[in-house]
Amino acid sequence: MSTRMFGEPVARREDPRLLMGQGRFLDDLGHEALAAAFVRSPHAHARIADIDVTEALDVEGLVAIYTWEDLPGRIGEPLPLLIPHPSMTHGRTGYPLAKEVVRHVGEPVAMVVATDRYVAEDVVERIRVDYEVLPAVVGIEVAAAGENLVHEDVPGNVGAVLVQETGDAGAAIDDAPHRLEFRLDIERSASMPLEGRGVYARWDSDDESLRVYSSTQASTSVRAAIAAKLGLAPGKVEVIAPDVGGGFGVKIVHPWPEEVLVPWAARLLDREVKWAEDRREHFVAAAHERGQAQFVRVGFDDEGRVLGLDVRILHDHGAYMPYGIIIPIVTSTQLLGPYKIGAYRAEVTSLYTNTVIVTPYRGAGRPQGVFCMERTMDRIADHLGRDRADVREANFIGPDEFPYDQGLTFQDGRPLIYDSGDYPELLRRVKELIGWDGFADRRARAAPSGRRIGIGLGCYVEGTGVGPYEGGHVEIDTSGRVHVATGLTSQGQGHQTVFAQIAATELGVPIENVQVTTGDTRRFGYAVGTFASRAAVMSGNAIALACRKVRDKALRIAAEALEADPRDLDITDGVVHVKGDPTSAVPLRTVAVLSNPLRYAFDEEAARATQFAVGGSDGPPVAEGEEPGLEGRDYYSPIRSTFAAGMHAAIVEVDPDTAEIAVLRYAVLHDCGRLINPMVVEGQIHGGVAQGIGGALYERMVYDESGQLLNASFMDFLMPYATEVPRIETAHLETPSPLNPLGIKGAGEAGVIPVSAVIASAIEDATGIAVAQMPLSPSELFHLMRDPSAVGPSPARPCDPASEPQGEEAGPQEQLKPAGLLGERGTSTPPAPER
């Protein structure tokens, strides 16, 4: 088999084990452990008056009950605010167990430890908590009004105000030949991985060390958090991510209350303790994302070129903000997409509500930003009567303009500078893939039979590979096996395959000889985590650099054995040989033996490395500056993020009687730099598009005015089935990144980012009805088709002074202009979900 594996569509190596039921997930571990369960608040906002455990104390099998008052020192302090930012005016995080006040349904109030989960749940049911119910703040409108407060010391419920701008957007808009303003909305959704969260901990009292298994996207960060909270040296804490059944962002948050409390209880009780989340807990106690209201004002010329853009965003971050304001930072910067905007201003107000916390979900603020920008492009095209693709192309950054500085600051604190790309070519090819130029004929053929079909387009740029670093360790043992370790975790991305491809290519060994370990602090202690489409860029390059160290050392050692110049050697199929002379060769397994001078011989291979066999020279057995063994470690730390890009297009059909929406075709053209494995990238895109269709048409979190989540089960929270996801046609463009050795960019979130914008554009094209909010259900579309003002915001309106209604002529659309933080919306509570 060839050892040049980079770029090949190698089948995923991890799949057979997982598909045959041989995975090892969190709940497969700790069968003899004590079980934890939690009393969770049934109220969105309430003061805890009393907790009575009397009825629970006699339950056989009960081991312990803990409330906030039982938590000592750091354990009882608020959870960390992971990513501080200067624009955060009132950052607040929750306690591991609620102290005095609960601020969302599902917040943990007490922890029970028992002999098994059944007993623990029985005990939970017997604990009586008296609450003084307080007014709930639910939804962006209510939060922005500020009549009631989530936190008594946070005026107006405002946790942060972020402003980013280049140029004078207001003046540019006022001076533009054409102007529009409108409101857009995206509602809450959630990651919903197949496996929920979970923690299993065991304390070694003899060694005073702690081993924790967690279904997490950041094992090294969980280790650091646990060590800090429990007052342990990091070296005394091991955190291992076993097989993880999906993450999508919800498992990047750390530490969750349970990740502090379960290890603390294991140490206190000197017993193994485990907790595995049930599905309702995941709905009400994990994390959500997406909820934003956007107020857009744009000025443009006759060609559709944007001269000025001003966007005011109200962002719902839930009851607490442990992950800072990464989502609105990403929204405000990635909103610009592949375009040159004359002047730009984004102002984000991040608001507390009495709902589940909001943290990154696949796309992490990008779907909202792209929805804003792409809906703006469509509104401009409609206003001018121009082709939507032509308006986009008129605004593109040219392929000869890279690196392109957008003049903003990205989520990594570095300048928003695009490294490479060819946006006109992406557009040309996606139009070809979907049949854009011939769609008018297709529509005309469908019309006589009453079919209403439409086509939509969406463009995006995705910041990937954010720092600060990742590392890789590579070792070749005396059997010729290559052991690769990196600290970030895996949740189904194909790391076992793509990292092995990188190592096999760099070292010249068969991929079957490469074993990859991720997410185990015993194997690699320094890492950041798996999020923001960063794994391939960060760990991939770190592994490549480590492999190059090992390769150089192997060639030096082999050169001595072969009496050759290292520059004349190559490695093929695990054998070091003289270039052009395969007979003058030595296997890598032998080089590994020679790399470790021995005193004792354990087998025939080891005898070749004993002190007498290698002691003939005048130098020491281990040369100065060298280490025993054939291994290497290196880190990759980028100067800034890489920026992938892509364009999606879709054709939808809307039933004129029922308003049912069917996605007929979906096409993706994607550029993530050099492709390590095109099949894995396509798998990532397909999964992302499926989630994007869910976010566009099905998935929403429906709260009532008291803060109760009305659809907290899979009976009511809708996700697309295979029947609702069309065949996804994909193609790739490769513009290598100049910022890293492998020339790669991330791809993990690309599939989901523009889908809501694309589907909205296609529905609007099919119906002629302005679409300004997502998700959009058939019932909402049904009412819109009969009364466009019945659901959601009004469509865009010109804001040229001459065309604005004056005095008594001013209609409801005048309310689109935000008054303070608020703009007007047709409905603030979405209808109940439907299938």
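## Ground rules and overall make-up

Helices (H or I, at least four residues) and strands (E, at least two) are taken here as DSSP runs, numbered from the N terminus. On that basis, the protein has 19 helices and 30 strands.

This is a predicted model, in which local features need pLDDT of at least 70, side-chain atom pairs count only at pLDDT 80 or more, and totals for chains, interfaces and linings use all residues. Residues are numbered from 1 along each chain as its sequence is written, and side-chain values use heavy atoms, with hydrogens and water left out.

## Size and surface

Let's start with the overall dimensions. The radius of gyration, taken over C-alpha atoms, is compared with a globule rule of 2.2 Å times the number of residues to the power 0.38. For 835 residues a compact globule would come out near 28 Å, and the protein has 29 Å, so the two agree. Along the principal axes, the C-alpha atoms fill a box of roughly 100 × 75 × 50 Å.

Accessible areas come from the Shrake-Rupley method with a 1.4 Å probe, and for residues only the protein chains shown count as cover. The accessible surface is about 31,400 Å², with 49% of it belonging to carbon and sulfur atoms. As for charge, Lys and Arg count as positive and Asp and Glu as negative, while His and the chain ends are not counted. Each charge is placed at NZ of Lys, CZ of Arg, CG of Asp or CD of Glu. The mean positions of the 77 positive and 119 negative charges are 3 Å apart.

## Burial, contacts and cores

Buried residues (under 20% relative accessible area; exposed is over 50%, partly exposed in between, with a 1.4 Å probe and protein chains only) make up 60% of the 835 residues. Contact means heavy atoms within 4.5 Å. Among contacts between residues at least 6 apart in sequence, 80% join residues at least 24 apart.

A nonpolar core is a set of buried Ala, Val, Leu, Ile, Met, Phe, Trp, Tyr and Cys residues joined through side-chain atoms within 4.5 Å. The largest one has 124 residues, and Leu309, Tyr418, Tyr423, Tyr666 and Ile759 have the most contacts inside it. Leaving aside residues up to four places away in sequence, Tyr418 touches Leu336, Gly337, Ile397, Phe402, Pro403, Tyr404, Gln406, Tyr423, Val461 and Phe643. A second, separate core of 48 residues includes Val10, Phe499, Leu507 and Val680.

## Cis peptide bonds

Pro403 lies in the loop between α10 (388-395) and β16 (404-409). The bond from His254 to Pro255 is also cis, with omega near -15 degrees, and Pro255 is in the loop between β11 (237-240) and α6 (257-269).

## Loop residues worth a look

Glu208 has a positive phi of about 50 degrees although it is not a glycine. Glu208 is in the loop between β9 (198-204) and β10 (209-214) and counts as exposed because its relative accessibility is 51%. Ala364 also has a positive phi, near 45 degrees, in the loop between β15 (344-351) and α9 (366-384). Ala364 counts as buried, at 9% relative accessibility.

Gly291 sits in the loop between α7 (279-285) and β13 (292-300) and, at 5% relative accessibility, is buried. Apart from residues up to four places away in sequence, Gly291 touches Ile140, Ile186, Glu187, Arg188, Leu314, His315 and Asp316. Gly291 and His315 are 24 residues apart along the chain, with their C-alpha atoms separated by 6.3 Å.
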